[in-house]
Amino acid sequence: MKYALVTGSTKGIGKATADLLAQSGYRVLRNGRGESGSDNYIQADLSNIAEAEKLVERTLQYTDKLDCIVFNAGATCRKSFEDIEYEDWQKVMDTNVNIPFILARRFYRHMAEGGTLIFIGSAMSLKPHATSIPYGVSKAAINMMAQCLAREFAPKKVRVNVVCPGFIDTEWQKEKPEWLREKIAKKTALNRFGTSEEVAQMCLSLCENSYVNGTIISVDGGYDLMF
């Protein structure tokens, strides 16, 4: 039995990825901040280091070997530049960069040979975007961190990659006004938003392809190719 841990897997990309891995034969440990009565669910707020340690402890009660970890839990801050406080910046960095690093270190000795770590990054890590400076900077940090971790995990034959989604039709994107959605869609070569399932398919392919390592992969439909 192969085990996978997917953080932030109660909705959107995380849920789609957890569902697809489960359909592909993994026993999936799911994580979220809220309560859930489902099996293999671990409640933990991954903006908090104490909660992250609880996630590690509970995960190791299920298994002492993980074949896949998908770091999907994330945070953003949509305040204007002048309104961003230190606490806002710190929460985004803790959730998106610092705690995933700690989790990767804590699970290092528990990763199975041939396993994989997948970080869900963002197209906003590759090009400046006005939506959220803390978010973009944190996701850019993930890219470098993952490549550094690929070197650290190499002796264990564990691969580390980043999947950078563009505009995916999650709940937050669906809340945007139609005129804005149309404007965004027209900036992609495919003229549409992506789906959570399409991002999940990329994650699964990274689990299955044993030679892709230290790579940052865009799943953005050709964003910014159309002007």
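Me: What makes Phe167, Phe193 and Tyr223 one aromatic cluster?
Reply: Happy to start there. This is a predicted model, and rings count as paired if their centres lie within 6.5 Å. Phe167, Phe193 and Tyr223 form one cluster on that basis. The whole structure holds 4 aromatic pairs.

Me: Why is the pair of Phe71 and Phe119 called stacked?
Reply: Two values settle that one. The ring centres of Phe71 and Phe119 are 4.5 Å apart, with 15° between the planes.

Me: What do Phe71 and Phe119 tie together?
Reply: Phe71 belongs to strand E4 (residues 66-71) and Phe119 to strand E5 (residues 111-120), so the pair links parts 48 residues apart in sequence. Both Phe71 and Phe119 are buried, which means that each has under 20% relative accessible area.

Me: How many helices and strands does the chain have, and why is the chain called as compact as a globular protein of its length?
Reply: The chain has 7 helices and 7 strands. Its radius of gyration is 17 Å, and the globule rule gives 17 Å for 227 residues, so the chain is as compact as a globular protein of that length.

Me: How do you know what share of the contacts joins residues at least 24 apart?
Reply: Contact means heavy atoms within 4.5 Å. Among contacts between residues at least 6 apart in sequence, 70% join residues at least 24 apart.

How values were computed: Residues numbered from 1 in each chain as written. Predicted model: local features only at pLDDT ≥ 70, side-chain atom pairs only at ≥ 80, totals over all residues. Heavy atoms only, no water. Helix = DSSP H or I, 4+ residues; strand = E, 2+ residues; numbered from the N terminus. Rg over C-alpha atoms; globule rule 2.2 N^0.38 Å. Phe/Tyr/Trp six-rings, centres within 6.5 Å; stacked < 30°, edge-to-face > 60°. Buried < 20%, exposed > 50% of the residue type's maximum accessible area, 1.4 Å probe, protein only.
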